[in-house]
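What follows goes through the covalent and charged links between side chains in this model. Please keep the sequence and the structure in view while reading.

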Amino acid sequence: MLMQLHLNLHRLISDTLPLDHLHHKPLSLLFTTKPISSSHHKPQKQLPFLFSLPFTLGHLFLKFSTFWFSWILFQISVLGFSLRFFALLGSVVWWVMEVRKDSMAVLLLLLLLAVSSVSAADDAFVGVNLGTDLSDMPSPTEVVALLKAQNIRHIRLYDADRAMLLALANTGIQVTVSVPNDQLLGIGQSNATAANWITRNVIAHVPATNITAIAVGSEVLTALPNAAPVLVSALKFIHSALVASNLDRQIKVSTPHSSSIILDSFPPSQAFFNRSWDKVMVPVLNFLQSTDSYFMLNVYPYYDYMQSNGVIPLDYALFRPLPPNKEAVDANTLLHYTNVFDAIVDAAYFAMSYLNITNLPIVVTESGWPSKGDSAEPDATLDNANTYNSNLIKHVLNNTGTPKHPGIAVSTYIYELYNEDLRPGSVSEKNWGLFDANGLPVYTLHLTGAGTVLANDTTNQTFCVAKEGADKKMLQAALDWACGPGKVDCSPMLQGKPCYEPDNVVTHATYAFNAYFQKMAKSPGTCDFKGVATITTTDPSHGSCIVPGSAGRNGTFDNSTSLAPSSNSTTASSGCISLFFHSSGSFASSAIIGFLVLSAVFL
């Protein structure tokens with residue numbers, strides 16, 4: 001409901017406010033945002049916005065002095081204000097402004113908005129998908145141990161495996177279970193079959209297992225078109241079974257769609273759903289809206305990039321910074337797009353609005369980048385997978401939103417937890433995972449400074465080493481810089497010292513690069529050296545040569561079950577993984593109490 005209020009903002013304002021008669025700055029300008037920054041840092045809130053907005057709203061309250069109008073304004077969740085306080089606070093402020101009509105009313109409104117800015121956007125999350133096409137699939141207990149070690153608090157299952165759901169019990173991890181496509185026809189044709197499915201796979205496990213959503217099928221319109229006619233009835237039957245069990249408010253029901261059902265996706269403002277599916281899509285959207293659910297969308301910029309034949313720049317697909325003249329601009333809206341992900345999500349928003357659905361939030365149920373590919377997929381690399389997923393996580397957790405809906409977080413599930421070596425198809429199909437089956441990280445995501453940071457190497461031991469195959473002359477130049485202008489203590493590499501042997505430029509460069517990296521507190525960009533260095537979780541210490549940052553165990557870690565260094569991580573990028581973010585509402589609650597007390601004092 002909170003996200004729906006956000007999404008109604010522009011429509012409500014345009015429909016209800018006579019902006020032509022305002023003496024203050026127009027609200028259309030107050031809500032204007034700059035193009036999305038590619039710095040991946042949460043933008044600082046601007047004082048002019050926070051101060052001009054309450055006075056504009058205060059003016060509107062005093063001008064119209066009607067209870068219904070004040071109620072509508074408070075229903076507009078401008079800065080992420082919690083719905084449970086709207087009724088009480090809206091009534092108090094209206095009473096103050098209507099009865100007292102003095103400056104204190106505006107002051108109270110300012111305090112109200114300040115509180116809302118603190119409690120804004122506390123629902124963003126990044127989760128993971130759990131595929132099971134592995135030749136050595138970890139046990140459910142091992143899977144849950146990895147999730148807990150990584151503080152992953154949201155997971156999507158492609159089925160409703162009983163053993164997995166039992167292992168997830170009492171962990172607090174939020175679980176999305178799925179009705180597999182091969183069960184969709186039966187459920188869509190029989191209310192009783194749907195009820196039995198809910199009894200076996202949901203009721204049997206809640207509340208111990210925190211099931212919060214059911215994905216009915218997967219990309220049904222494109223993957224199983226013969227089942228499309230029963231998709232709506234399957235959604236309704238599953239939801240009816242939840243209603244009968246009084247679980248419909250706790251568990252949302254939706255169905256994931258491939259982004260390929262969106263046609264003419266750029267510019268996003270011209271996007272629309274494949275009209276051949278209107279008979280299914282329209283009732284699906286109406287169902288999602290009527291049940292207060294959300295639209296599930298699978299977003300793969302990798303495939304858009306691969307299929308564009310060079311039209312889409314790689315940096316645009318990977319969230320890398322773009323100069324302003326390189327940003328894609330929607331000529332109809334003048335919105336600037338700095339990455340493919342946002343453009344696809346906004347295309348879905350516009351496609352829904354074309355069908356008169358304007359307040360349905362989007363959850364991205366799959367997104368990622370493969371870390372390995374065959375000769376036809378040269379951009380399926382460790383570095384690109386690391387870059388995409390790291391930037392995606394920061395983008396989501398920073399609550400950046402999209403150009404169409406800035407500040408509206410698009411919660412996302414990364415595809416996927418494990419590499420699935422049994423998946424058919426190309427090499428890339430087997431290499432989307434964050435971890436190998438033994439729990440070793442495929443690469444270490446570089447997320448330093450992105451909210452609550454948790455390493456997939458919990459000892460946080462990362463090192464900077466010479467890149468394999470790097471040019472020897474460039475290595476020597478970088479080594480000379482590190483030991484000179486870089487002010488690294490290179491004395492351990494002198495003849496007779498512990499790190500002299502083996503006497504070659506690769507080993508010595510590794511020592512110097514890592515010493516500089518550790519000296520600079522592993523800051524982003526300090527392990528590059530013009531492209532001849534890279535980050536690894538493998539300790540480069542050898543013999544009596546213990547490199548800076550090492551625990552002296554030659555790369556071994558205390559927790560050997562899931563967090564040991566990976567042999568695949570020698571070309572990984574820097575930093576650590578953060579797959580969960582939850583902001584506390586304690587301050588907001590205290591501030592709201594203070595607001596009510598202040599109201600009472602001045603009444």
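Cysteine 499 and cysteine 545 are joined by a disulfide, with an S to S distance of 1.8 Å; a disulfide here is a pair of cysteine sulfur atoms within 2.5 Å. This pair links distant parts of the chain, 46 residues apart: cysteine 499 is in the loop between helix H19 (472-483) and H20, and cysteine 545 is in the loop between S15 and helix H21 (586-602). Helices (H or I, at least four residues) and strands (E, at least two) are DSSP runs, numbered from the N terminus. The torsion about the S-S bond of cysteine 499 and cysteine 545 is about 100°, so this disulfide is right-handed. Cysteine 499 and cysteine 545 are both buried, where buried means under 20% relative accessible area, exposed over 50%, and partly exposed in between (1.4 Å probe, protein chains only).

The model is predicted: local features need pLDDT of at least 70, side-chain atom pairs count only at pLDDT 80 or more, and totals for chains, interfaces and linings use all residues. Residues are numbered from 1 along each chain as its sequence is written, and side-chain values use heavy atoms, with hydrogens and water left out.

The count of disulfides comes to 3. Another of them is formed by cysteine 464 and cysteine 527, whose sulfur atoms are 2.1 Å apart. Cysteine 464 lies in strand S14 (residues 463-466) and cysteine 527 in the loop between helix H20 (505-519) and strand S15 (533-536), so the pair ties together parts that are 63 residues apart in sequence. Cysteine 464 and cysteine 527 are both buried. Cysteine 483 is joined to cysteine 490 at an S to S distance of 1.9 Å. Here the torsion is about -90°, so the disulfide of cysteine 483 and cysteine 490 is left-handed. Counting bonded cysteines along the chain, the pattern is 1-5, 2-3, 4-6.

Which links involve charged side chains? The whole structure holds 6 salt bridges, each a side-chain nitrogen of Lys or Arg within 4 Å of a carboxyl oxygen of Asp or Glu. One of them pairs arginine 156 with glutamate 366 (3.1 Å, N to O). Arginine 156 is in strand S2 (residues 154-157) and glutamate 366 in strand S12 (residues 362-367), 210 residues apart. Arginine 156 is buried at a relative accessible area of 0%, and glutamate 366 is buried at 7%.
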